[in-house]
Every structure is written in C-alpha cells, then in structure tokens.
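Here are my notes on the model you sent. Please read them with the structure open.

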Amino acid sequence: MEMKVVKRTFALAAQITGFAAALACGTAQAQQINVKIGALTDMSSLYADLAGPGTVEAVRLAVEDFQKANPNSNVKVEIVSADHQNKADIGTNIANQWIDREGVDVIVDTPNSGVALAVNEIIRTKNKVFINSGAASSDLTGAKCSPNTVHWTYDTWMLANGTGKAIVKNGGDTWFFLTADYAFGHALERDTAAVVEANGGKLVGKVRHPINTSDFSSFLLQAQSSKAKIIGLANAGGDTINSIKQAAEFGIVAGGQSLAGLLVFASDVNALGLQSAQGLILTNTFYWDANDQTRAWTKRWQQARPGKIPTMVQAGVYAGTLHYLKAVAALKSKDDGKAVVAEMKKLPTDDVLFGKGTIRVDGRKIHPAYLYEVKKPAESKGPGDIYTLRATIPAEEAFRPLKDGGCPLANG
Amino acid sequence: MITIFGIPSAALFGQLLIGLINGSFYALLSLGLAVIFGMLNIINFAHGAQYMLGAVAAFLMLNFLGVNYWGALILAPLIVGAIGIVIERTFLQWLYKLDHLYGLLLTFGLALIIEGTARNYLGSAGLPYALPEALRGGQNLGFMFLPNYRAWVILVSLVICFGTWYAIERTRLGAYLRAATENPTLVRAFGINVPVMITLTYGFGVALAAFAGVMAAPIYNVSPQMGAELIIVVFAVVVIGGMGSILGAILTGFGLGVVEGLTKVFFPEASNTVIFVVMAIVLLVRPAGLFGRGT
C-alpha cells in the first residue's frame, strides 16, 4: 500500500518535471512566429487571370525572397488560398473560417470591391491584417478605411486621375460612361466623372450594365447616339474585353469616338490581341517589361505560369506580402493586426517591382503610376510587348490627397 | 424627331434589331437544347460547355492549324459533335430509362470538367479572335450602324433554325425521329435503327452548340466561362418556350432577345434578370411553357 503511494508520488513528480521542461521549451520556442497567409482571390471566373493562381505564385515568391534575405529569421510562413467566386457571402464565409478556425493572420489580394469591402470589415473586427491588391474601390482608404488594411496597387481615384486627366487635356472633353453595376463600377465612374469635370470636361450620359454581360451592342449604340467624344469603360475583366471588341465591330472608333479603358490589365490586352486593343490609353502601376528587375522577377514567376504575363495586381500581392513579413519580423509579433499595420506604415517600402515607397496613415500605398498606350501590332516585338510609356505620374500626384478621402484615420 | 417613352424612335429601331441579333444566339442554343430534350429526354447541361468548345476549337484551329473562320464554321461543329457522340455512347445511353435528374447531373458534371480543363490550359481572361476579313465593316441604315457580321449572324441563324424545324417537323426523317421518341419499340419493329438515330440526334444538338460558339468567337470574348454565363439564360428560354418544343425554342429565343434588348434601354440594370422575370410569369400562367404541350 505504502509502496503504491510512493510510486504514485514519483510518477507525479516525473510528470511535473516533464511539464516544467515542456514549459521551458515552450518559452524558447515562443520566439518562432508562425504566420499563415490566406490568398483570397478569384480562382475560376473573370478575374482569375489578372489575380487567381498568379496571385498565389506571387505570394510564394514573396515568402521565398523574404526567407532568402533573412535566412536566420524565426518567421515561418504557411500559405493557403481560396476562391471567393466574386460573391461577398462566400468571401466573408471563407475569411471568417480562416481566421476563427485555421489561424490565418493576413488576407491578401481579394479582387472585386464588393468582396473586398466585406472582408475589410471582418478583418477590422477580428484585428487581423488585410493587404488588398486586386480591388479597385478607393473607399478602402476613404470612408471605409481601416487601421488593419493596406491598399497596395491601385484604386479608382488613381485610375480616374491618370487616364481621365490625360484624355481631357488632349481634347476629350465630353464623356459617356459604360459602368459595371456594382461597388467598383460606381466608384470608378464617380471618381472619373469628378476628374473630368474638374478639368473642364462634361458628362453627357451613362449606362449601367450587369456584371458579366456578354453583349454590349445595346449599350454601345446608346453611347454612339450620345455623340460623346469619349466612351469611358468603368468596368473590368471580361466586361472590358467584350466592350472593346464590340466597339471595334460597331465602328465606334472609326466613327470618331474614342475609348478610355479605365481599368485595363495586361491580361486583358493579351486577351483582346493588339489588333483590337491598339491605341487604347490606360493607367497601370506595374509593367513587367519596365526594367531589368521586373523582367528578372517575371521570369521567375513564369516558371509557374508559363506563357502568361504578370499583372500589376499580382505584382502588388508580391510586394505587399514581402513588406508584411518585414513588418512582422521587425515587430517580432504577428498577433495584433493593428500594430503590424502600424509597423508597415512606419517602415519605408522597398521592393524590386515598385521601388521605394511609403504607406500613408489611411492605408494607401504610395508609388508612381504610368500612363501607357497599347502598341500597334507592327510595333510589337513579340508576345508580351504591349505597352508604350506615355507619361509617368509622380507618386505624390498619383493618388488621392489624404484630406480628400474622408478617412477618419487621417484626422489623427 | 418622334419619340417613344422618351427614346427617339430611330434609336428604338436600332435596339429592336440588336435584340433580334442577340435573340438569334439564344435561338441557336436553345434549339439544340430543345432538340436534345425533345428527342432524348436529356436535360443537356453541358450545352454551354459545348458552345465554348466550338469557340475554343475555332481559336485553336486558327492559331495552330491555320484553318480560318469559314473552315472552322464547318469543322468545329463536326469535331465537337463527334465528341458529343462519344459522350452519348459512353455515358448518356445508360440514362434514358432513369429520371431526368440523372442526365442533368451527369451533363452538369461534364460541363464542370470541360470548363475546368479549358481554364487550366487556356486561362480565364480570354483568347483573341478577329473578325473574318470578308465580314468587317458595316452598313449605315440611317437609324443605326449595322456591322456586316451581325447581319450575317441573324441571317445564318434564321436559316439554321428554320431548317432544323423543317427537318424535324416536316420531313420523313423527322417523322421517324419523333415516332422513335414516342414509341421506340414499335419504330424498331419497322426496321429502323433507333439507337443510331438517337446518337446522331445528340451529336447534331451538340454540333449546333459548337456552331453557335464559332459564330460568337469574333464578337464575344472567347473564354472558358463564356458558356456558363449564357447557359442559364438559354435554359430559361427553353423553359419559357416549352421544354422540347422546337418552334417554341426558336420563337422564344428571338422574342426574349428583343425583350432583353429593350430592357437594356429602359432599365439596363435589370437586363440580366428580365428573362427570369418573364420565366416566372410564364410558369405561373402556363406551366408547360408558351408552346409546350401540357402533360
């Protein structure tokens, strides 16, 4: 009987020692930070080529480059990805599940402004980090701005300002809008109309079409009879492609009206072919063929995406992820999303795709924008050679001034 | 200028014509669906994917084999139709005796596989396909600019639609086919090879979808999801027309094109839902569809 008690005590002591040892180990290991990145994007529909699998590859490259630059870093990274199917309810379900059950710390990309604005609120409530590259709505850093969100690549204000201003200055002073009927289209139309009017242009009409429309002839006919000099395409992806393709067919350009692609990605130009897209003016913040560094990065990216050319969205995902990892390493913690984003704003940004830049207090990443013209088939030296640089818009002019956004964070 | 509901009448004529042109795509596609459902009792959910295959085949033939639009207009339906025949022989023939649901699920699964495979190899943004040289440019009709290609679309689809209707409703072959659907055993007793006839009918329906795909390639974005976007609307057209009614599918296709076209003028935001509103109303008033025979 006594023996038994002694035995038991020994066992208990051994357990306690073991537990203490485990605790000690735990303290030593607490310094390792396991970061889980969730790429929430469109994998199967109209934005899958401008984001999608290419986004996941961009995240992978960012992690690879971070680990190469910081071989002794204690930040370990895991990547997950999911398809939000351009539906806000699906996007929010995934975001909730990722954060609540799978321990995701940061959500990246998320094209489609409707989904992005929904995810923005979830991230704010749960104090995680949202690095948006794919969505365009300038509300993400305006009225809906959040201390947990960084909006990296572009937004509707920047597109409107870049393309809109350049065209009005060149005499395109009457506008008709062909607008996708959801958050993004409305924001792009509103921002462009403001730029057009501020520069002395006039809005003569608009029509709002449902997303994923295949036939635009009805709308183009309305645009044609409006006699506007410029038809502004406030839509994206397949909708833009169909509009441009059918505008050529209906003789819109031949009839003296011009098209302004307010959001055209490199992948769209590829899908149109230079024959249909030539002469189109557009604003981007990244072009794969800009310099040696972007070309080298593109080569690496293309190992996983042969035959594709990376878009600015994918470039932004890469740069944003890299900067996030730098901030986590500097802060030595990932737990407080707000603190990580504050650290991201504190550190100057520097990467091979966007160069040096900063993140403003409202979450807006600041870098230059470029006005490109799509090359004529005869000028192109081969696949992917699609843009001629027409103008560079310096970083300080490219994005909406802080005071105009209506972001509460800007007021201190 | 005369105006109707605040829209200049000239613009309205233009929109009516545009509606008819879009309707001709609906008609071509719903015709194939109606033929397949009417003759095989299969709800062919893969129709959109087969339409997409037609357009993609045209793109691949142009870029890798140098076959132009006109060649593709003949070859793509033949190739995709042949694929359809393989699908019918390997899968569908076992389902005729079962509930409609099995055919629907099988073809829906096939559509997902076909579209997923296409997306994997071709991406989702789309593939460039230029207008054929001979059909570029257009005519100024006074009230609108009519691209030559659109005139061609409406002409061809009228010929194909009414040709098919005539072949099924007014010829001896069509009579055999309809008889085989009603009572296959009896028709077999007359020495007619019913299974071959059914297989060829499915092949023909699929070929019609591919044909519409080639017709669409120069004006719509050629992408793996192009069919998925259209198929739901086309199903609504078939339901409104009356499942399996050939004439119903054709007339409703054109009619709904016009309805949709007018919606794009008066209330553009609703243009992709108006067809479903019409469908709901028709189902309430005439559950068998406008041209369907009540059972």
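**Notes on the predicted model**

1. Ala319(A) touches Trp152(A), Asp351(A), Leu353(A) and Phe354(A), leaving aside residues up to four places away in sequence. This is a predicted model, and the points below should be read as such.

2. Ala319(A) sits in helix α12 of chain A, which covers residues 312-331. Is Ala319(A) buried or exposed? Ala319(A) has 27 other C-beta atoms within 10 Å, and the cut-off for a buried residue is 20 or more, so Ala319(A) counts as buried.

3. On the interface, 39 residues of chain A are in contact with 34 residues of chain B. On the chain A side, the elements that give two or more residues are β7 (202-209), α7 (217-225), α8 (237-249), α9 (266-272) and α10 (274-277). By class, this side of chain A has 20 polar, 11 nonpolar and 8 charged residues.

4. Chain B contains 11 helices and 4 strands. Its C-alpha atoms fill a box of roughly 65 × 50 × 35 Å along the principal axes.

5. The radius of gyration of chain B is 19 Å, which agrees with the value near 19 Å for a compact globule because the chain has 295 residues. Of those 295 residues, 53% count as buried.

Methods:
Residues are numbered from 1 along each chain as its sequence is written. Chains are lettered from A and ligands numbered from 1 in the order in which they are written. This is a predicted model: local features need pLDDT of at least 70, side-chain atom pairs count only at pLDDT 80 or more; totals for chains, interfaces and linings use all residues. Two residues are in contact if their C-beta atoms, placed from the backbone, lie within 7 Å. Ala, Val, Leu, Ile, Met, Phe, Trp, Tyr, Cys and Pro count as nonpolar, Asp, Glu, Lys and Arg as charged, and the others, Gly among them, as polar. A residue is buried if 20 or more other C-beta atoms lie within 10 Å of its own, exposed if 12 or fewer, and partly exposed in between; C-beta atoms are placed from the backbone. The radius of gyration is taken over C-alpha atoms; the globule rule is 2.2 Å times the number of residues to the power 0.38.
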